[in-house]
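Please find below a colleague's note on the structure shown here.

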Amino acid sequence: MKGFLKTSLQAVLGKGGYRAARSAYYASKRWIKMRHQGAMDRLYWLRKYGLRRYSIYGHRLVPSGLPEDHAVALYDVAKSLPDCGPVLVEIGSWLGKSAVVLSRAISKKKGAVLFCIDPFNAHGDPSSAAHYRNVSQKMDVSLLEHFTQNIKRYGSYKHVKTLRGYSTDFSGNWDKPIDLLFIDGNHSYEAVKRDFLEWSPFIKPGGYLIMHDVSFDPNFRHQDPIKVAREFILDNSEWVDHKQIRHMLIVRKAYERSETSPVHKTARL
Ligand SMILES: C[S@@+](CC[C@H](N)C(=O)[O-])C[C@H]1O[C@@H](n2cnc3c(N)ncnc32)[C@H](O)[C@@H]1O
């Protein structure tokens, strides 16, 4: 039957026409399959996280190591920020996955800004840099262009200000109080410590610090961010409301030194 169909089509279309029709047929099959998978994935997201968080669905199409529970937590915290003029700073943006989430979360807030700091040159701690290099070498556009495309396509571009460079390049002249600081840049001990010490003083009382790749698991890939958290945050009454979502730490700066954290103990489990 297959052979008969092929011969008949070749007779009608000619050999070249048959080949073109066959390619078009397989391309359309692939397209339908992709659309079907895309639709199923959208449905999955909608059912799991509801209509309220559907606006960040697009972040799933941006490659990066940010798991979905972390994306949802980032969204929820950013969404809870004041409605007028919140300032968010992200150290380490890569291809924009977390920036898509954060920018979407503030897209209805008047005057809200998300500053995204990244050198966009694939530099990083030794355990990540090789991966960044491999990914960036396979791209047909620069990391910065890729980041910008993703934000335009899936995030809220008008709420994002891109600062190209290392976090330390900007901390010296920084003067804006910060509502949410997300540290996810270089994961070495010195770099995380520097990011924390240079940037956290700008967090407003009641504002949030979120650190990625902070894990209590001794086998976790990055062991340095947790050292910084233990040294400066976890036993420091300036930081309250600790929440640990697997390898992401969320804390809030206390309004006063005496404010204590009710979930401090469980958060460390
Ligand atoms: C883990 S990726 C960020 C992932 C991103 N937050 C996400 O979830 O999609 C780390 C990024 O930080 C960048 N980076 C490394 N050192 C940095 C520094 N000192 N300041 C800012 N970004 C840095 C890396 O080049 C990389 O693009």
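The numbered points begin with the origin of the model and then turn to the ligand and to the charged pairs.

1. The coordinates come from a predicted model, and the contacts described below should be read as features of that model.

2. Two elements each contribute two or more residues to the shell around the ligand, namely α3 (97-105) and β2 (113-118).

3. The ligand is surrounded by 21 residues. Among them, G92, S98, D118, H123 and D184 are the closest. Sorted by class, this shell comprises 10 polar, eight nonpolar and three charged residues.

4. An oxygen atom of the ligand lies 2.5 Å from a backbone N or O atom of H123. On the side of S98, an N or O atom of the side chain is 2.8 Å from a nitrogen atom of the ligand. At S167, a polar backbone atom is 3.0 Å from a nitrogen atom of the ligand. As for burial, the ligand taken alone exposes 600 Å², and the protein buries 94% of that area.

5. The structure contains 12 salt bridges. One of them joins K48 and E68, with the closest N and O atoms 3.1 Å apart. This pair links distant parts of the chain, 20 residues apart: K48 belongs to helix α1 (residues 2-49), whereas E68 belongs to helix α2 (residues 68-79).

Definitions and conventions: Residues numbered from 1 in each chain as written. Predicted model: local features only at pLDDT ≥ 70, side-chain atom pairs only at ≥ 80, totals over all residues. Heavy atoms only, no water. Near = heavy atom within 4 Å. Polar contact = N/O pair within 3.5 Å; in protein donor to acceptor, adjacent residues only side chain to side chain. Areas by Shrake-Rupley, 256 points an atom, 1.4 Å probe, with all protein chains shown as cover. Helix = DSSP H or I, 4+ residues; strand = E, 2+ residues; numbered from the N terminus. Nonpolar A, V, L, I, M, F, W, Y, C, P; charged D, E, K, R; others polar. Salt bridge = Lys/Arg side-chain N within 4 Å of Asp/Glu carboxyl O.
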